[in-house]
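Let's take a friendly walk through this model together. Keep the viewer open, and turn to each place as it comes up.

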Amino acid sequence: MAEFEPKIVAFMCNWCSYAGGDLAGTSRLQYPPNARIIRLMCTARLDPAFVLKAFAEGADGVLVAGCHIGDCHYVSGNLKAEKRVKMLKKLLPELGIEPERLMLRWISAAEGERFANTMKEFIALVKKLGPSPLSVSARG
Amino acid sequence: MAEKKAERKAEEKEEEPRIGVYVCHCGVNIAGVVDVKEVAKYASKLKNVVVARDYKYMCADPGQQLIKDDIKEHKLNRIVVAACSPRMHEPTFRRALEEAGLNPFLFEQANIREHNSWVHMKQPKEATEKAKDLTRMAVARARRLEPQQKPKVKVERAALVIGGGVAGIQSALDLADMGFKVYLVEKSPSLGGKMAQLDKTFPTMDCSACILTPKMVDAARHENIEIITYAEVEEVDGYIGNFTVKIRKRAKQVLEDKCTGCGLCAEACPVEVPNEFDQGLGVRKAIYVPFPQAVPLVYTIDDEACLGCGMCEAVCGPEAIDYEQKDEVLELKVGTIIVATGFDQFDARRKPEYGYGRYENVITGLEFERLVNASGPTGGKLLRPSDGKEPHRIGFILCVGSRDAKVGNPYCSRVCCMYSIKNARLYKEKHPEAEVYIFYMDIRAYGKGYEEFYRQAQEEYGIKFIRGRPGEVVEDPKTKNLLVRVEDTLLGLPLEIELDLVVLAAGMEPARDSEKIQRLLRLSRSADGFFAEAHPKLRPVDTLTDGIYLAGTCQGPKDIPDTVSQASAAAARAAIPMAMGEVETEPIVAFVRKELCIGCRICERTCDFGVITMVDRKAHVNEAICKGCGACAAACPTGAMQIRHFTDEQIYAMIEAALREETEEGGREEVKAEA
Ligand SMILES: Cc1cc2nc3c(=O)[nH]c(=O)nc-3n(C[C@H](O)[C@H](O)[C@H](O)COP(=O)(O)OP(=O)(O)OC[C@H]3O[C@@H](n4cnc5c(N)ncnc54)[C@H](O)[C@@H]3O)c2cc1C
Ligand code: SF4
Ligand code: SF4
Ligand code: FES
């Protein structure tokens, strides 16, 4: 059997983390291709239901990335996201999902390397955890 | 839920989506890794996709024409381009849609270059699969896109320029000459910035003050410029065209309209403190102007140094002194903002091996400028700090705090080679018998006339250039002479050279309070810490915040010619929206699906900008001030609060599409709608 390749959904803010991803690209930093990024204007837009939906649809991991604290284009959108992620991390075990499958990272537009490293790190971590219990059922 | 569906149907019923998908090769940038033909073929089978093509360069004219022709021929009403980052070319493609008569928001871009082909270069198979997924996600979102109108807002015909160095002065003068009102805010008591501190300027050797002070005076005299010194920006609110800015103007304790600048007060003042303008090498009084040609020529009482003895008040003829004066907070309305906050010199103490701060006769470039300047603390005679003697042997060490990853500054400061050569030449001119050394890694003489200037220094002035970064500088405690240890990398020889004075070419760093300005204005900084431009090549003076521009060294190290050109460029860019009188703004704002709102007020509490109020027990959005962050929508328990162009349905569609193939999507609501 081929090695387990996790499916990752990433929510990223337009101003910092998505742009950090662009910089990783222009700098040709290589990282594994497992994540599918959904661009939001700010992590403030992250409805906790989006994360649950991603897990319900079979994601093995969800990455949320925004501007560093203090750098959010809308002042404190990232603080709101941080609270929601904390709340979700408490909720996920109730659904049988390890909280580590949800990661929150601050990545600035200048941090192409941090972006690539975050991808490597998170994908390796989810690989180690194996398929999400929900994803197994989702895949039938 | 039923209601929600009903509404969605209503929005959709106007037209069944007819989607065109375009997969870009980007030369070999994408096609070299991703099988673009396969992606296009895959896309053609997705629901609602009417045409799918691949093309060499979608952003080029023929690529855009392809889209425009297809829109007409195939009656397309949604366009997906799988290409570079939307942060790169979304505006290009939106314009193409507009030109073909389609609303520009019916466009979605899949990022298969920056986020795919460039980062998975050795995994063509996986990258191709990922490109398909990203395209499928874009198509899923495109189906649910809705047309948006860009609201137009009036632009205030006034600009704020932050920082009164040569950059800020130039931008202010240009804008003022174009007929716009300019507020020029400077944090110190006078305009001028670092250029006012310099002695001569390379490569022409004009005296710095002689070319700068006329500009300062022009700014002061200009009817459209209001200079606000000893002041800082405290709050910035609003958006392009309509910024509201709060400025704290610190109390000078001297009335600006009464002070004549005669200076009797300073003569009378008994307190002496180190003068910042002379890098602390000279002294000033507690009541002072930083330098004689200061603009405005108004004295300032340094509150920390002042004893309150009343001596100045006693001698001031025009009764300009007012110890009770309070800080003033001004509120300004401006349409655009130019940031020109400049740089700070690298703190040479962070290179302890060179002894700055420990050895008296190790000084920095800026200190040298003050010591050779006729209005400086020594009247222009370069004297050793330790014994007040004229040095005979001087060494300049380049790249101190630049091109040095150890101190976190891998970049080149661009001016240190040239200003060190300038200062070496200046000294040689006055003291032909002196021994002058320059320790360098590479000489960067990139500007007009710079290489010639450098050659002359070598050939005609007999300045000795030694290639090598000195390992350390050691002081002889008795003579206070300095021993420089360096390996001459051209000769491959270790050298020890005894010198009377060592001048460190301390590099440029972002101004110390950049972080504060960054936060106030929501700017980004690049890895070097300087403010980031919107695009390094094509938008070098814009920022990613519309209506805010960058001038001078706050964006990166520069010499004066580059600073001035960039300042003029920033003024020209800032003038565009002000000349147009109105601009289009982003329609990405919150809106309420009234029938779903239960009036719980959660959104109202979540919004940090006071956008939401309750009208008839339903949430109401003031679109003009909404920033579109989405916090309210994420918090709303019923799905009533939504963000235009980022609705729940659009995002859910992407999540679903990210995780499964479309066939599984069959049987969903919208598929039935077609059948
Ligand atoms: C030793 C030395 C020698 C040099 N010699 C030469 C030369 O010979 N030829 C040449 O071409 N270039 C030379 N340069 C480079 C030159 O000094 C710069 O190019 C020029 O000063 C940059 O101007 P600026 O306006 O961008 O920044 P600055 O001169 O730094 O001006 C910035 C201004 O903004 C103000 N400010 C900062 N923050 C705020 C805030 N938050 N609010 C309000 N105001 C603020 C500061 O007080 C300052 O007045 C030299 C530089 C050094 C260090
Ligand atoms: S989108 Fe942001 S700014 Fe606009 S109303 Fe919602 S919370 Fe307030
Ligand atoms: S949070 Fe939602 S339901 Fe509550 S008031 Fe706001 S829009 Fe209405
Ligand atoms: S804009 Fe990046 S987190 Fe808010």
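Helices (H or I, at least four residues) and strands (E, at least two) are DSSP runs, numbered from the N terminus. This is a predicted model, in which local features need pLDDT of at least 70 and side-chain atom pairs count only at pLDDT 80 or more, while totals for chains, interfaces and linings use all residues. Residues are numbered from 1 along each chain as its sequence is written, chains are lettered from A and ligands numbered from 1 in the order in which they are written, and side-chain values use heavy atoms, with hydrogens and water left out.

B:Pro296 sits in the loop between strand E15 (287–288) and strand E16 (300–301). The bond that joins B:Val295 to B:Pro296 is a cis peptide, with omega about 0 degrees. Another cis peptide bond links B:Phe202 and B:Pro203, this time with omega about -10 degrees. You will find B:Pro203 in the loop between E8 and strand E9 (206–207) of chain B. A further loop, between strand E24 (472–475) and strand E25 (482–488) of chain B, holds B:Lys480. For B:Lys480, phi is near 65 degrees, a positive value in a residue other than glycine.

Now move to ligand 1. A residue is near a molecule if one of its heavy atoms lies within 4 Å of it. Ligand 1 is surrounded by 36 residues, and the closest are B:Glu186, B:Lys194, B:Lys422, B:Thr553 and B:Ile560. Several elements of chain B each supply at least two residues of this shell: helix H7 (166–177), strand E8 (200–201), helix H11 (365–371), helix H12 (416–430) and helix H15 (560–580). For the classes, Ala, Val, Leu, Ile, Met, Phe, Trp, Tyr, Cys and Pro count as nonpolar, Asp, Glu, Lys and Arg as charged, and the others, Gly among them, as polar. On that basis the shell around ligand 1 has 16 nonpolar, eleven polar and nine charged residues.

Which atoms lie by the oxygen atoms of ligand 1? A polar side-chain atom of B:Glu186 lies 2.6 Å from one oxygen atom of the ligand. From the backbone, an N or O atom of B:Ala167 lies 3.0 Å from an oxygen atom of ligand 1, and an N or O atom of B:Val166 lies 3.2 Å from an oxygen atom of ligand 1. Taken alone, ligand 1 exposes 1000 Å², and the protein buries 97% of that; these areas come from the Shrake-Rupley method with a 1.4 Å probe.

H7(B) and H15(B) meet at an angle of about 40 degrees, with their axes 8 Å apart. Angles under 35 degrees count as roughly parallel, over 145 as roughly antiparallel, 65 to 115 as roughly perpendicular and the rest as oblique. H7(B) and H15(B) are therefore oblique to each other.

H12(B) packs against helix H13 (residues 450–459) of chain B at an angle of about 40 degrees, with the axes 10 Å apart. That makes H12(B) oblique to H13(B).

Chain B also holds the surroundings of the other ligands. Around ligand 2 you will see residues including B:Cys607, B:Cys626, B:Cys629 and B:Cys632. The shell of ligand 2 has nine nonpolar, two polar and one charged residues. Ligand 3 is surrounded by 14 residues, the closest being B:Cys597, B:Cys600, B:Arg601, B:Cys603 and B:Cys636. Its shell divides into eleven nonpolar, two polar and one charged.

Methods: A polar contact is a pair of N or O atoms within 3.5 Å; within protein, one must be able to donate a hydrogen and the other to accept it, and residues adjacent in sequence count only if both atoms are side-chain atoms. Axes are lines fitted to C-alpha atoms, for helices over the stretch in contact, and angles run from 0 to 180 degrees between N-to-C directions.
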